[in-house]
Amino acid sequence: FAAGGPTDVVARSFAESAGKGLGQPVVVDNKPGANAIIAAQAVATSPADGYTLLFGATNHSMIPALYGNRVKFDAVKSFKPICTLAIAPTVLVVGPSMQTKTLADFLTQAKAKPRSLTYATAGLGSSGHFYSEQFARLTGISLTHIPYKGAAPAVTDLMSGQVDASFATLGSVLPHILSGKLQALAISSPQRSAQLPLVPTFEESGVKGYSADAWYGVLAPEGLPLPVQKLLEQEAQSFGKSAQQADKLRALGMVPQVVCGERFANQVARDAAIYTEIARDLNLKAD
């Protein structure tokens, strides 16, 4: 990812923390482009010695769905997931074009007139696109997708009433929710957000099993020696226990969450399978 974005901010915070714990500098090398494929390929083809790591996000699990065998690595098998460090909950927000205040009202409208409601995303095959279609499948509704070239123009048109809704990461819409320009209907986190205590979770609102939290975490090339893996896991755990780092994450609309080893690996594989099925059904392919 490019410098300055949420993934980069978390990566640099972890690099600083791990550098102190390991007693040597940890350098962040931004390799943006091609939906994170450039960075992932660079790490997948590096020695599995713990000196070259990938700081990735949920869209790593979307690479198989969008590119299939057109990339030179396997997003699941070519990597050893170390730990997640944070998650960014997805929140369903509606703009002034809708007068609804609850998720139940939103679903009632969507079911009454299939495909009449529109939702904005940062583009075809973006995390918001997958999260939206995942929600539609789970609730039995049909929505109309309006893709944009990035999250910023999508949110702008949502606030002006050009589109009805968006499944967005909390950090990208939190200021607009707090200012009253957008209405939050539900959030995907297991518990209510401390920043939005009045907004119910999807689970509370009756949508069971909807998981759309974007994770941010560390992966290594497959074949990483176990002692090195455990050492890196210790650094992730130390990062997760830091109150200072937790405050920094919450300011970005994220929640500290350290999930390591097999649990993280299972999540990457499970997400990849879900997104691949959705992409196949929608005939989604990236150029």
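Begin by selecting Glu-16, which counts as partly exposed at 45% relative accessibility. Here, buried means under 20% relative accessible area, exposed over 50%, and partly exposed in between, computed with a 1.4 Å probe on protein chains only. The structure is a predicted model, in which local features need pLDDT of at least 70 and side-chain atom pairs count only at pLDDT 80 or more, while totals for chains, interfaces and linings use all residues. Residues are numbered from 1 along each chain as its sequence is written, and side-chain values use heavy atoms, with hydrogens and water left out.

**Salt bridges**

The term denotes a side-chain nitrogen of Lys or Arg within 4 Å of a carboxyl oxygen of Asp or Glu. Side chains of opposite charge can pair when their charged atoms come close. Lys-20 and Glu-16 lie four residues apart in helix 1 (residues 6-22), so about one helical turn separates them. Helices (H or I, at least four residues) and strands (E, at least two) are DSSP runs, numbered from the N terminus. Lys-20 is exposed, its relative accessible area being 67%.

How many salt bridges does a search of the whole structure find? The search finds seven. Select next Lys-31 and Asp-29, whose side chains meet in a salt bridge at 3.6 Å, N to O. Lys-31 is partly exposed at 34% relative accessibility, whereas Asp-29, at 55%, is exposed.

Proceed to Glu-204 and Arg-192, a salt bridge in which the closest N and O atoms are 3.0 Å apart. Both residues belong to the loop between strand 7 and strand 8 (214-221), 12 residues apart. Glu-204 is partly exposed at 47% relative accessibility, and Arg-192 is likewise partly exposed at 38%. Then select Arg-137, Glu-277 and Asp-281, which a network of salt bridges links.

**Helix 7**

Which residues of helix 7 (residues 170-178) are buried? They are Leu-170, Val-173, Leu-174 and Ile-177. Viewed down the helix axis, these buried residues fall within an arc of 135°, so they line one face of helix 7; the arc is that of the directions from the axis to the C-beta atoms. Their cover includes strand 3 (90-94), helix 6 (151-160), strand 6 (165-169) and strand 7 (183-187), where contact means heavy atoms within 4.5 Å. Just after helix 7, select Gly-180, which takes a positive phi of about 90°.

**Aromatic pairs**

The structure holds nine aromatic pairs. Phe-14 and Phe-239 form an edge-to-face pair, 5.8 Å centre to centre with 80° between the planes. This pair joins distant parts of the chain, with Phe-14 in helix 1 and Phe-239 in helix 8 (residues 226-240), 225 residues apart. Phe-14 is buried at 7% relative accessibility, as is Phe-239 at 2%.

Turn now to Phe-130 and Tyr-275, whose ring centres are 5.1 Å apart and whose planes stand at 50°, so the pair is tilted. Phe-130 lies in helix 5 (residues 127-139) and Tyr-275 in helix 10 (residues 261-282), 145 residues apart. Both Phe-130 and Tyr-275 are buried. Rings of Phe, Tyr and Trp (its six-membered ring) pair if their centres lie within 6.5 Å; planes under 30 degrees apart count as stacked, over 60 as edge-to-face and the rest as tilted.

Finally, select Phe-135, Phe-167, Phe-202 and Tyr-210, which ring pairs link into a cluster.
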